[in-house]
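Have the viewer open while you read.

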Amino acid sequence: MADSAVSSPTLTPFMAQYLAAKAEHPEALLFFRMGDFYELFFEDAVQAAAALGITLTQRGSHGGDPIPMAGVPWHQAEGYLERLIRAGFSVAVCEQTEDPAEAKKRGSKAIVRREVVRVVTPGTLTEETLLDARTSNRLVAVAVAGDRAATASADISTGAFTVQEGPLTAVADVLAGLRPAEILATDEDAQRPYLTSAFAGTGARVTVRPLVKADPQFGARRLAALFEVATLDSFGGFSAVELSAIALLVDYIELTQAGAAPRLAPPRREAALSVMAIDPVTRASLEIERATDGGRKGSLLGAIDRTVTAAGGRMLAERLASPLLDPDQINARLDAVAWFVAERDARDRVREVLKGAGDVARALTRLALGRGGPRDLASLRVGLVSGEAAAVCVGAEAPAALQEAAAACRLGPEPAHLCQDLAAALSDALPLLTRDGGFIAPGYDAALDEHRALKTDARQVIAGLEQTYKDETGQPLKIKHNNVLGYHIEATTKQAESLMRAPLSEQFIHRQTTANAVRFTTPALADLDSRISRAGDAALARERALFEAFAARAAELEAPLRAAADGAAILDLSAALAEWAEDAQACRPEIDAGGALIAEGARHPVVEEALRRQGRGFSPNDIRLDAEGRAGPRLLIVTGPNMGGKSTYLRQTALLAILAQAGSFAPARRLKLGVCDRVFSRVGASDDLARGRSTFMTEMVETAAILNQAGPRALVILDEIGRGTATFDGLAIAWATAEHLHDANRCRAVFATHFHELTALSDKKPATANAHVRAKEYKGELIFLHEVATGAADRSYGVQVAKLAGLPRSVVERARALLARLEAGKSAGPQLSEAMPLFAAAAPQSAAPSPLDALLAETDPDALTPREALALLYRLKALVDQGAGAG
């Protein structure tokens, strides 16, 4: 399907039109509108049929080969689009842009015009059915200049637009926080090994664009044109690499929207290093936004989310993904939560009025892009009215953050007038699409009511006309309807005779004669038939015109409406965090710029919620860390049995910091936190077969990243470093890692291990302490207390845990016996070798020969006389007997 094929004289006009549209979007599947179906041809049809499980057929030929074809009904297209997008495809939608009647005016063989009106990709979705209501859907462009990189991020569904610049090495962390659905990069940058790795860590689709699309000057012009400004100074100014990222983003949005102006908010420039850095490995380990199975259930987000609106849910996810570093900003968020904790009645009222609120931001975007429907108008109205009602609940004594949010929710005259008109205009039962009609309430528009009355009252009008004709003719005539003649008068052959004679023949016009009846019409009936047939189309056209007028009014008020949507989301989120804080008995964190992390009665929010559902309680624990080594140790070594709760203890420590800096209360009696600029977690082990890495290699790569990047303000949790190799190698690596964290990184760190030798570090390093997870043996059974106490554990209880895991009894008993021998003394060489042949090669050998060996070594058999030989035998026998007696 090259350009030459498109212009080939052997092509039909239809196929030439298809190939021309396909040539514009070769990377996408082409949905080509034909009547009531979207058809796909050639390789597109083959791929779509396989992905969707639809029938693959053939139509005509091209180049002597049959043309594969598949299709989907146009009214079910969104469902198929969703499946294709999730399968990794992008789809170009080619619509009929001309009425067939207009096409016929150009000639009987003319075909209707078709144009690609949109390219659907993972990062450009706007449809409600294709989006997760509680998750942002970001398109992120990445540009690089030397050792600097910039990201430009947009959520087209809400209009959010941010730009950020930083070191190239920070791109992976930035992308992990943004959680993009699709990434844009130039063909040159996409080949950089570091970026390739960073992109792969997000799981997002990567779309490669030509280098020319990232030109900074091009980006400046596109941005100025987009917002209709002469200079970018009002946005704060952008660097060249930021403009490159902006150029990639805006160009791609305009491409996928087929030239339609993207509805984006003015770009917000994010300050470098303004949020906590959390790398992808740590996010996965801590299950912040997604659990290990990919779902929300079992994640931190799923455990604490009490929001009642979709926008509030998205805002919570964004805050957890990017916790703040500025104590003042964090405390402003905490003030808002604390106010709702104290004001229970206000909290309940806000949550109640917002419960039914629509998603204003996404509805507004769909309306602005011409993809909205009647339900979006309703969402707009209900969302705005609910937000205003929520604002009334915020008292004058509320903190500044809530006052600002409430002020944004209060509607000005024009937005209020729009809501009033929508309330009067929209009917109770709304269809999804405008083409279905029936969404404007009776009595709102006189012209629409007239069209509807003609259509709805057709039976009554026809019945009246039928009675008139009966009276005029004196015959029982019937008015009937079919799809060929429309409304007509039906008479028997005998009745028809009088209708065909004057004077009735002047009014009754013969239309058709059948075997059983003769059919007539009249000028009045023909006019009524025409008006009734047009009434439905006229009513729908009028409804569409009213819809477009409302959508245009909403677009003109976009700025205040988006501000109101954001304000309502802040009120919802603040109230939701207060609701969770009360449920979880969480405390307000004390945030400062110091180096301490002191928690009393801390709990893991996800594990605690799971235990609560089972009717069980969670055992809280304390932790004290201080990077400066004053209020607590810098490095805490934690020992204890498997299943005792070490990993939970580690993870809850990291989650406390993330929750607090996100602006949430924390599950503890008390939490004092010096802001962490990074959080690292190396908990759990898995291989990385795609990169050819074993479990141990993966562990070492992740540990290296921590040791190379963690600074004094970081928080590090490490679990079981060194367990994937030989014992002494693992111990050596774990020891050296712990020393490096203490001496070089000088950060707050919790290090869980089964290498009990590491507990000796507390005697060698001044800012190191030991803790252990308590367990007890009772009548041969191991009981986990899930309590963390000071000092080192005396043992690891590995055999007891193996028993709990269900190992065969014979294996457990054999392990107990071997463990007893091992613990009896480390010098049990020969005995250990006999019991465990694997250790035979390492068994120590006696330096001095035995008496028996010495006697044999000094004997020369050839020199012995018979008497001497007999005497030697007696001596040997005696030595053997002595050895047996000693054993």
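## Where H18 meets H22

His417, Leu418, Asp421, Leu422 and Ala425 in H18 touch Phe550, Arg553 and Ala554 in H22, with contact meaning heavy atoms within 4.5 Å. Helices here are DSSP runs (H or I, at least four residues), strands likewise (E, at least two), both numbered from the N terminus.

This is a predicted model, so local features need pLDDT of at least 70 and side-chain atom pairs pLDDT 80 or more, while totals for chains, interfaces and linings use all residues. Residues count from 1 along each chain as its sequence is written, and side-chain values use heavy atoms, without hydrogens or water.

The axes of H18 (residues 413-425) and H22 come within 11 Å and cross at roughly 160°. That makes H18 roughly antiparallel to H22 (the label for angles over 145 degrees). Axes are lines fitted to C-alpha atoms over the stretch in contact, with angles from 0 to 180 degrees between N-to-C directions.

## H22 itself

H22 covers residues 523-556, and its 34 residues should span 50 Å at 1.5 Å a residue; the end C-alpha atoms are 48 Å apart, which agrees. The expected span is 1.5 Å times one less than the number of residues.

There's a bend of about 35° at Ala535, taken between axes fitted to the seven residues ending there and the seven starting there. Ala535 is also among the buried residues of H22, as are Phe550 and Ala554 (buried is under 20% relative accessible area, 1.4 Å probe, protein chains only).

## Over at H29

In H29 (residues 798-805), Val799, Gln800 and Val801 are buried. Their cover includes strands E26 (768-778) and E27 (781-790) plus helix H30 (809-824). Gly806 follows H29, with a positive phi near 100°.

Key
Buried means under 20% relative accessible area, exposed over 50%, partly exposed in between (1.4 Å probe, protein chains only). Angles under 35 degrees count as roughly parallel, over 145 as roughly antiparallel, 65 to 115 as roughly perpendicular and the rest as oblique.
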